[in-house]
Protein chains: 2
Amino acid sequence: MSLALDEARAAAERGEVPVGAVIVSASGDVLVLAGNRTRELNDPTAHAEILAIRAACSVLETERLVDCDLYVTLEPCPMCAAAISFARIRRLYYGAGDPKSGGVEHGPRIFSQQTCHHAPEVYPGLAEPESAALLKSFFAAKREQ
Amino acid sequence: MSLALDEARAAAERGEVPVGAVIVSASGDVLVLAGNRTRELNDPTAHAEILAIRAACSVLETERLVDCDLYVTLEPCPMCAAAISFARIRRLYYGAGDPKSGGVEHGPRIFSQQTCHHAPEVYPGLAEPESAALLKSFFAAKREQ
C-alpha cells in the first residue's frame with residue numbers, strides 16, 4: 001500500500017486527483033504501479049485502477065488477472081469496480097471510502113449485484129488516514145486556487 | 001445505429017462478443033466507430049463503448065464529450081455506464097437490453113444512483129432485434145464449437 005500511496009502523491013504533483021494503484025501477482029511480485037492520469041491523457045477512463053489493470057494484462061498477455069491482488073488508495077468507483085470484476089482480481093485492498101462516488105461499499109455496490117459474475121475478496125480501510133489526508137489536502141489546495 | 005451494427009458484425013468476425021458503438025458530435029458528425037476488442041487487446045476494459053469514448057476524447061483533446069451522443073448495440077455494462085457518465089455523454093441510444101450483465105436498466109442501474117453525477121438521456125430499444133440476433137447467433141455458434 002505504501003507503493004500505491006507513492007503513486008497517489010505523484011498523481012497529485014501532476015495535478016491529478018491523488019489516487020494510486022498497485023497490482024501484485026500470485027507469487028507476491030509487484031506487476032504494475034499506476035496513478036490517475038485522466039487529465040494528462042484526456043481520458044475519463046484513465047483512473048489508477050483501469051490503468052493498472054490494462055498494464056498488468058499487457059504484461060501477462062491475458063485479459064484475466066486470476067490470483068492477482070489490487071491495492072488502491074481510494075474506494076473504486078463503479079467503472080473500476082466492474083473492471084476489477086471482469087479482470088477476475090482475487091483480492092481488493094483499498095484505503096479511504098468514497099461516499100460521494102464509490103462503487104464498492106457505496107452507491108451501486110457493484111460486487112453485490114446479481115449482474116456481477118465475479119467478486120474479489122474486499123479489504124477496506126488499509127492506510128485509510130494517509131489516503132484520505134492526501135485527497136483532502138489536494139482538494140483544499142484546489143479550492144484556494 | 002446501422003454503423004454500430006456494422007462494428008458489432010466486424011467484432012463477431014474477429015471472434016469478439018459482437019457489440020459496436022458510435023459517437024456522434026454535437027453537429028451530427030460521426031466522430032468515432034469502435035467494436036469490442038477485449039480478446040485481441042488482452043484488455044478486459046476494451047468494450048466498444050470504452051474504446052469509442054477514449055478515441056473520441058483523443059480526437060477532441062478533452063476528457064468531456066459534452067453534447068456528444070453515443071450509439072451502442074447492447075445495453076452498457078456498469079463499467080461502460082459509469083464511463084459514459086464521466087465523459088458527460090448527452091444522449092445514450094442502445095439496442096438490446098442485457099438482463100445478465102447490463103448496468104442501465106438492469107443490475108446497478110448506474111444512472112439512478114446518488115453517486116452518479118451526470119446521467120445522459122437514455123433511449124433503449126433502437127434496432128433491438130438486429131442487435132439481439134447478432135448476439136444470439138454468435139453465442140449459438142460458440143456453443144457448437
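E40(A) is partly exposed, with a relative accessible area of 47%. In this predicted model, the partner of E40(A) in a salt bridge is R37(A), with 2.6 Å between the closest N and O atoms. R37(A) is likewise partly exposed, at a relative accessible area of 26%. Over all chains, the structure holds 14 salt bridges.

Within chain B, D6(B) and R9(B) form a salt bridge through their side chains, at 2.9 Å from N to O. Both residues belong to helix α1 (residues 2-13) of chain B and are 3 residues apart, about one turn of the helix. D6(B) is partly exposed, with a relative accessible area of 40%, and R9(B) is also classed as partly exposed, at 37%.

A further salt bridge in chain B pairs D69(B) with R91(B), the closest N and O atoms lying 3.6 Å apart. D69(B) is in strand β3 (residues 69-74) and R91(B) in strand β4 (residues 91-96) of chain B, so this pair ties together parts separated by 22 residues in sequence. D69(B) counts as buried at 5% relative accessibility, whereas R91(B), at 24%, counts as partly exposed. In chain A, D69(A), R90(A), R91(A) and E121(A) are joined into one network by salt bridges that share partners.

The contact between the two chains involves 31 residues from chain B and 31 residues from chain A. The area buried between them is about 2500 Å², with carbon and sulfur atoms giving 65% of this area. There are 2 salt bridges across the interface; one of them links the side chains of R54(B) and D43(A), at 3.1 Å from N to O. On the side of chain B that touches chain A, the elements giving two or more residues are α2 (48-60) and α3 (78-86) of chain B. The largest share, 5 residues, comes from α3(B). By class, this side of chain B consists of 14 nonpolar, 11 polar and 6 charged residues.

An unreviewed UniProt entry places the feature "active site" at E49(A). This residue is part of helix α3 (residues 48-60) of chain A. E49(A) is buried, because its relative accessible area is 4%, under the 20% cut-off. Leaving aside residues up to four places away in sequence, E49(A) touches V19(A), A21(A), L70(A), V72(A), L74(A), P76(A), C77(A) and C80(A).

Technical notes: Residues numbered from 1 in each chain as written. Chains lettered and ligands numbered in written order. Predicted model: local features only at pLDDT ≥ 70, side-chain atom pairs only at ≥ 80, totals over all residues. Heavy atoms only, no water. Contact = heavy atoms within 4.5 Å. Buried area = accessible area lost by both parts, 1.4 Å probe. Salt bridge = Lys/Arg side-chain N within 4 Å of Asp/Glu carboxyl O. Helix = DSSP H or I, 4+ residues; strand = E, 2+ residues; numbered from the N terminus. Nonpolar A, V, L, I, M, F, W, Y, C, P; charged D, E, K, R; others polar. UniProt positions renumbered as here; feature names shortened; annotations may be inferred. Buried < 20%, exposed > 50% of the residue type's maximum accessible area, 1.4 Å probe, protein only.
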